[in-house]
Amino acid sequence: MSVIVIPVLLVLSVSRWLQAHRDSPVVSRVMSVVRLAVVGLVAAAALGLATVDSFGEIGFNVRFVVSMFVFVVVFALSFFKRVSPIWLIVGAGVVGLIVY
């Protein structure tokens, strides 16, 4: 129970503080740095998952082609159409279940 309660209370208190100070230029700069750090962490996780086990050997095989197709479609939908990431994850999971 204490594993969940303490982080939730911390997040709630920090979010209240951020709401109260959201117009501050210092808070805006800090949040832009945090945003860059999150992008870097997500990119590092994505590169760590880009292995032969995930995509198959490079070349013309079904696993690699389907993986690249799913990647391109998910990227296009998220970048150009602003589709919710939840739907993109569910859709990619369904395609993975069907193909593999």
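This is a predicted model: local features need pLDDT of at least 70, side-chain atom pairs count only at pLDDT 80 or more; totals for chains, interfaces and linings use all residues.
Q: Which residues line the second largest pocket?
A: A pocket is an open set of points on a 1 Å grid where a 1.4 Å probe fits, with protein on both sides within 12 Å along at least five of seven lines; lining residues have an atom within 4 Å of a point. For the second largest pocket, these residues are Val38, Val39, Val42, Ala43, Ala45 and Ala46.

Q: How much space lies in the second largest pocket?
A: Volume is the space filled by probe spheres set on the grid points, which are joined across faces, edges and corners. For the second largest pocket this comes to about 180 Å³.

Q: How many helices and strands are there in the protein?
A: Helices (H or I, at least four residues) and strands (E, at least two) are DSSP runs, numbered from the N terminus. The elements of the protein run α-α-α-α-α from that end. The count is five helices and zero strands.

Q: What is the radius of gyration of the protein?
A: The globule rule, 2.2 Å times the number of residues to the power 0.38, is compared with a radius taken over C-alpha atoms. For 100 residues the rule gives 13 Å, and the protein is well over this, so it is more spread out than a compact globule, with a radius of gyration of 19 Å.

Q: Is Arg82 buried or exposed?
A: Arg82 sits in the loop between helix H4 (62-80) and helix H5 (85-99). Its phi is near 55°, a positive value in a residue other than glycine. Buried means under 20% relative accessible area, exposed over 50%, and partly exposed in between (1.4 Å probe, protein chains only). With 67% relative accessibility, Arg82 counts as exposed.

Q: How far apart in space are Ala92 and Val30, C-alpha to C-alpha?
A: Ala92 belongs to helix H5 and is partly exposed, at 27% relative accessible area. In sequence Ala92 and Val30 are 62 residues apart, and in space their C-alpha distance is 33 Å.

Q: Which element has the lowest mean pLDDT?
A: pLDDT is the predictor's confidence in each residue, from 0 to 100. The protein has a mean of 86, and 95% of its residues reach 70 or more. The highest mean among the elements, 91, belongs to helix H1 (residues 2-20), and the lowest, 70, to helix H3 (residues 52-55).

Conventions. Residues are numbered from 1 along each chain as its sequence is written. Side-chain values use heavy atoms; hydrogens and water are left out.
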